[in-house]
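Keep the viewer open as you read.

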Amino acid sequence: MAKFCNDFAVLGFLSLLSCAAINAQLSPTFYSSSCPNLHSIVRSGMAQAVNRERRLGASILRLFFHDCFGCDGSILLDDTATFTGEKNAGPNANSVRGFEVIDAIKSNVEAACPGTVSCADILALAARDGVVLLGGQTWTVPLGRRDATTASQSAANSNLASSASSLSQLISIFAAKGLNARDMTALSGAHTVGQARCVSFRSRIYNDAKTNASFFACIANGQLSPGFYRRTCPTLESTVKSAMTQAVNNEHRMGASILRLFFHDCFVNGCDASILLDDTATFTGEKNARPNAKSVRGYEVIDTIKSNVESACPGVVSCADIVALAARDGVVLVSLSLSLSIYIYIYIYIGS
Ligand code: HEM
């Protein structure tokens, strides 16, 4: 990759400021005459990659994000005698992936339009196409980025967030690029696709004093297992999924409502379905707590699912597990909307 990128490279842009400086010249039609087949070449390279391994759609999105605290293709550069590049920076080493996909696309683009299209633009298009191929929204990618001729491992280490970053570190890393905490939260929605290594989140689950104790007790409970009901209620997942599909078909918002129901359940003494309990003579429950009253919704959906599950496997499955599965299924069912918010932020702050 270093060769192709250096061949094309004109200038290095290692900060968003310098990226912003050329933004005025970016245009979606930048290559319309010089490389008319660019979009279809990138799209077909990404389709091949995602057909081979779906995760590659996510991996290329992350590659773009890690390049895009500069958007100059510098992440693609191998180390040389004169610089140590970004590939082996802490947040990238043994983690960022998909370089070979961009290499293959770049070769195809070079065959069609030699010395014309920057690696940075190919990466920007490939990230968009990856999101679309995973079921997300499309967006227009402004083009005309120029490739870096150099890269800096230490800049990558200080510019990129790592799994060990604290909240205040994350906020200031994004703030340095003109993005606020709200932007960061929206962009983090990208984590609805892809995978992470255990090493990236283990320390957050165990012994992390900054995490709400009941929350991680809930997710780290040694007895939890995805196969918990495999023998006792084998149809559980399909029962929940089909009821959630019906609910979301009836009202698209329900996917979001159930996700929030789950979140509000989990933050009060753990993910134990206590939010579903009506008041009794002996306790006043959570339903009418201030953040929930006239706001949290979707109880009837969980009731319906619980009835269906009870018919299939009486007295076996907890409501807490039903809410957890329903929240996951709701997110999957409305994933197009989540992708839309990612699209908006990428388009406004990174893609342009
Ligand atoms: C808020 C700061 C962020 C942090 C601390 C962070 C951290 C991480 C970590 C630790 C992983 C797992 C890496 C591994 O285990 O190898 C990961 C994966 C991922 N990240 Fe982020 N990330 C952040 C923001 C973003 C943003 C803004 C995007 C894109 C818009 C993004 C897209 C992804 C994707 C798609 C994956 C999965 C990649 C794959 O499956 O190969 N991340 N992130």
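Helix 4 runs over residues 55-67, and its 13 residues reach 18 Å from the first C-alpha to the last, close to the 18 Å expected at 1.5 Å a residue. Bear in mind that this is a predicted model.

So how much of helix 4 is covered? Mostly covered is the answer, with 11 of its 13 residues buried.

Now for the ligand. There are 24 residues around it, and Ser95, Ala190, Gly194, Ala196 and Ser200 come nearest. Helix 4 and helix 9 are the elements that give two or more residues to that shell. Helix 4 turns up again here with the largest share, 6 residues. Sorted by class, the shell has 11 nonpolar, 9 polar and 4 charged residues.

One more stop: Thr192, which carries a "binding site" annotation in an unreviewed UniProt entry. You'll find Thr192 in the loop between helix 9 (181-187) and helix 10 (198-205). Is Thr192 buried, exposed or partly exposed? It counts as partly exposed because 15 other C-beta atoms lie within 10 Å, and buried would take 20 or more, exposed 12 or fewer.

Technical notes: Residues numbered from 1 in each chain as written. Predicted model: local features only at pLDDT ≥ 70, side-chain atom pairs only at ≥ 80, totals over all residues. Helix = DSSP H or I, 4+ residues; strand = E, 2+ residues; numbered from the N terminus. Expected span 1.5 Å × (residues − 1). UniProt positions renumbered as here; feature names shortened; annotations may be inferred. Near = placed C-beta within 6 Å. Nonpolar A, V, L, I, M, F, W, Y, C, P; charged D, E, K, R; others polar.
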